[in-house]
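Student: I am new to this structure and would like a close look at a single part of it.
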Amino acid sequence: MFRMNLLDNYLKKYTRMSERELSHTVQSNMWFTPVLYVLFSSLLVIATLTSDLKYDLGNQMRPFFAVDYDLTRDLVGTLTAAILTLTTFTFNLILVVFTTFSGQFSPRMLKNFIASKSTQRVLGIFTSSFIYMLLSFLFLNKRLAEYYFAVPVLAALIAALSMGTFIFFINHAVAWLQVNQMTYDMKNEALSIMKSTLEEEVDPYKVNDLSTLNSKICKEKGFTITAGKSGFIQLVDFISIINEAERDDIVIQLEYTIGSYVFASTPFITYWKKGENEVDEHKYLTLISIGRRQTEVQDIEFSINKLVEVAIRSLGNYDPKTATNAIYQLGEVLASISRGSIFSKYLVDKNNNLRVILQERDFNHYLYNAFGSIRHYAKDNVIVCTELLKVLDLMAKSLNKRDYNAVWEFGVFTASGFENLFLFALDYQQFYRALQNLAVTTKHEKEYEEFLERSKK
């Protein structure tokens, strides 16, 4: 009874997920792809055993190629043990990768390695190969067939595939551990989340001009909905919330953003209604997923924080090259956010009526979230801070012009406090040249001259 309830709860957990959340959960688990490969290998076992035991394919192929029962049994038995050994080595290699990533970079990066299609396919090939050998060895029967063809031939081919896969996986693990590849993959993940969440899902409903909207209603006292359970806000179905708010003719304000932690008693939705119509509050709770951990499905800040952690850990390990690489990848993500996002907290329906109010997020917020912690931990490192100014200048060349002030102010914030930390004249020259380039790009030459005068006093 207990097992049935446990299985029922497990199935309900997945059936309640949205298509997007389910896809992310499946991709980040190690079991899904290997299970598919095992099912395919089971079909191969059925096909090969049917060919040899029922249709006596081995006897028919004797003029060309055939293996007797004893040799087939020895071959399959030996390959079963060999593939199991390769699988064990593979899992050991994965554990080494996990330990390295946790200690040197960030434990949050382990999921990226697990979710890698190459990693999952390698595990699938090894697991399915072992299952094929094991089942074939189990169902070999000398009384039904004295000679075999399909079973030993396919076993030899699978063994060769497993050996090639093992070599490929070693190369894959080594390549994935390279910092450039690792940070490049994380940057692409952040860009993908930005495109799917900000540009495609939310931005089409955003407006900047409130003069035509029914925003006066939000000045009145509204009704609140509590979270109902504690955890991180993982997923918000913005489109469904807008549609439901249109049907109920209400305006909703989300008090927290994706990635925020809420308590069960936290009022995290406020809504205003025009009439006396009843509102099904539980309906809106089902459109927001709350879980025990943060996920990257919609949380672009969580994805950015992975690169931030890599940069900070690298600074602690005296590895400025890795830190610089992570900073440049962050710069590209921020530039894409500036160019592609509409920084408005108001979402409207198709009739241009205000329906959802988000927590305000401007470019300044993302800029500080990405570089604020790095700036703090690199405050005594002139070289890294010089690279940070160069990244800001590189970003500014492709930013939306509305964000020039934010980038310049952060550059000044970075430059402050370095008057007595320059060990060589070249440090001073490189640092202020980078700041000057940033001032020119962001059209703040006058402010740069004023800052230079203040720093000389």
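How many residues line the largest cavity, and which of them lie nearest its centre?

Tutor: This is a predicted model, in which local features need pLDDT of at least 70 and side-chain atom pairs count only at pLDDT 80 or more, while totals for chains, interfaces and linings use all residues. Residues are numbered from 1 along each chain as its sequence is written, and side-chain values use heavy atoms, with hydrogens and water left out.

A cavity here is a set of points, on a 1 Å grid over the protein atoms alone, where a 1.4 Å probe fits but cannot get out, and its lining residues have an atom within 4 Å of a point. Grid points are joined across faces, edges and corners, and a volume is the space filled by probe spheres set on the points. By this rule there is one cavity of 30 Å³ or more, and the largest cavity has a volume of about 430 Å³. Its lining is made up of 29 residues, with Leu198, Thr257, Leu358, Arg361 and Tyr366 lying nearest the centre.

The elements that give two or more residues to this lining are α9 (179–202), β5 (231–236), β8 and α12 (300–316), where helices (H or I, at least four residues) and strands (E, at least two) are DSSP runs numbered from the N terminus. The largest share, three residues, comes from α9. By type, the lining of the largest cavity divides into 16 nonpolar, six polar and seven charged residues, with Ala, Val, Leu, Ile, Met, Phe, Trp, Tyr, Cys and Pro counted as nonpolar, Asp, Glu, Lys and Arg as charged, and the others, Gly among them, as polar.

Note on methods: On a 1 Å grid over the protein atoms alone, a cavity is a set of points where a 1.4 Å probe fits but cannot get out, and a pocket is an open set with protein on both sides within 12 Å along at least five of seven lines; lining residues have an atom within 4 Å of a point.
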